[in-house]
Amino acid sequence: MSDAFRPTSEFLRVLMQRGFLHQCSDLAGLDEKASSGDLVAYIGFDCTAPSLHVGSLVQIMMLRWLQKTGGQPIALMGGGTTRVGDPSGKDESRKLLTEAAIEANKAGIKQIFAKFLTFGQGRHDAIMADNADWLLGLNYIDFLRDVGRHFSVNRMLAMDSVKLRLEREHELSFLEFNYMCLQAYDFVELNRRYGVTLQMGGSDQWGNIVTGIDLGRRLGTPQLYALTSPLLATASGAKMGKTAQGAVWLDAAMLSVYDYWQYWRNCEDGDVARFLKLFTELPLDEIARLAALRDAEINEAKKVLATEATAMVHGREAAEQAAETARQTFEDGLAAASLPSVHVARLEDGLGVLSAFVQAGLVGSTGEARRQIKGGGLKVNDATIIDERATLGPGDLVNGAIKLSLGKKKHVLLKPAE
């Protein structure tokens, strides 16, 4: 991306200043379109899980900034394309989901977008579309004749999503091979229905998006544009949104607000400034001030990041409660009542400490619990466990709960079943 380009539109200026921009098919043309106030853009989200996770946040924030700077965002649900599966970045085919599972996942994902975008009937209000509305009714022969004839198999084989799979000699089904055709058709169809002229996505989607631009040109649509964001990894190279415990979900039913806050609080020092730009709406001068903190003071910037990022998803009150829970737990040494909790039956009969940590979800097995005990990594009510044969009972309850800790940062309250 050229550093010499100076956008006149607020939309591109925000994206460039905050680190969202990786590639664009025509910066000057898109800048002019955005400046006109008529920019309508979309990003597609396949319905492969009951919620989105942190790995989707960059794209969600791009739609949010589009709306805040005067454009109209469209969140496209992949009710149709989920039935095929995107091969981009995959070494094997996705598991095909049932129609009921796709619908359930779609409902969960819709709830996430309601937290970031304003939906309604106004000119700049967000729209939630579903490509099942046009893909499921396609006649295959008509589609091949009217749309398929514009695709070059030679170019499709050169796309990274196809080429990398073939180079590694992993099977690519004919079903997946069609994915880029359907995504390209989505772009054209959204232009017809809603006046969409921009498709955004992660950098791994570049080939699919420009294929849509080419199809639009061949079918006579107005000028279309592509814009991608960089694929994010942490400063140490780990994939964004993945932890040893699994994905960092945006749904509080799948990951507690406290654990979500902790994910951001525990980020690496080298990621603080970048994450503040991407995942909060703090002014850039405030971000620069926080990013300049060094040594122990950088932890204060991490707390701000955690609270602001959590407020975006779960609301300000829940974010501040998570911050207060962390303060009480780590600074005051208290077992804050709002820590994640697990209820167990028959505590009065005695519960083995190994089983307790497994049931609390802090370790994956009793074997792992034993290894943690040998390393001094497990605590009950802030006391280090030495004996792996120890049991927990009513006498260990403090204010109605037993505080279990893995290391310094993972805590769960064990409570008797009601």
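The model is predicted. The protein has 418 residues, of which 49% count as buried. Its secondary structure comprises 18 helices and 15 strands.

**Nonpolar cores**

- The largest nonpolar core holds 75 residues, and Phe113 and Trp264 have the most contacts inside it.
- Helix α3, residues 57–68, supplies the largest share of this core, with eight residues.
- Another core lies apart from the largest one and has 30 residues, including Phe151, Met180, Ala184 and Leu224.
- With residues up to four places away in sequence left out, Trp264 touches Val54, Leu57, Met240, Phe275, Phe279, Lys302, Leu305, Ala306, Ala309 and Thr310.

**Packing of helices α1 and α3**

- Helix α1 spans residues 10–18 and packs with α3 at an angle of about 145 degrees, the two axes being 9 Å apart.
- The crossing of α1 past α3 is right-handed.
- On the α1 side the contact is made by Phe11, Val14, Leu15 and Arg18, and on the α3 side by Met62, Trp65 and Leu66.
- Sorted by class, this contact between α1 and α3 consists of six nonpolar residues and one charged residue, with no polar ones.

**The six-strand sheet**

- Six strands make an open sheet with mixed pairing, and their order is β1-β6-β5-β2-β3-β4.
- The edges are β1 (23–24) and β4 (127–130); each has a single partner strand, so one side of each has no neighbour in the sheet.
- Strand β2 (residues 40–46) pairs with strand β5 (residues 198–202) in the parallel sense, over two bridges.
- Within that pairing, Ala41 has Leu198 in β5 as its bridge partner.
- Helix α4, residues 99–113, packs on this sheet and touches β2, β3 (72–78) and β4. The direction of α4 makes about 160 degrees with that of β3.
- Helix α11, residues 206–219, also packs on the sheet, where it touches β1, β5 and β6 (225–229). The direction of α11 makes about 170 degrees with that of β6.

**The five-strand sheet**

- A sheet of five strands, also open and with mixed pairing, runs in the order β9-β15-β14-β11-β12.
- Its edge strands are β9 (341–344) and β12 (383–384); because each has a single partner strand, one side of each is left without a neighbour in the sheet.
- The pairing of β9 with strand β15 (residues 410–416) is parallel and extends over four bridges.
- His343 has Lys415 in β15 as its bridge partner.

**A loop residue with positive phi**

- Asp295 sits in the loop that connects α14 (284–291) and α15 (298–314).
- The phi angle of Asp295 is near 55 degrees, which is a positive value in a residue other than glycine.
- Asp295 counts as exposed because its relative accessibility is 70%, and the cut-off for exposed is over 50%.

Key. Residues are numbered from 1 along each chain as its sequence is written. This is a predicted model: local features need pLDDT of at least 70, side-chain atom pairs count only at pLDDT 80 or more; totals for chains, interfaces and linings use all residues. Side-chain values use heavy atoms; hydrogens and water are left out. A nonpolar core is a set of buried Ala, Val, Leu, Ile, Met, Phe, Trp, Tyr and Cys residues joined through side-chain atoms within 4.5 Å. Buried means under 20% relative accessible area, exposed over 50%, partly exposed in between (1.4 Å probe, protein chains only). Contact means heavy atoms within 4.5 Å. Axes are lines fitted to C-alpha atoms, for helices over the stretch in contact, and angles run from 0 to 180 degrees between N-to-C directions. A crossing is left-handed if the near helix is turned anticlockwise from the far one by less than a right angle, and right-handed if clockwise. Ala, Val, Leu, Ile, Met, Phe, Trp, Tyr, Cys and Pro count as nonpolar, Asp, Glu, Lys and Arg as charged, and the others, Gly among them, as polar. Two strands pair if DSSP finds at least two bridges between them.
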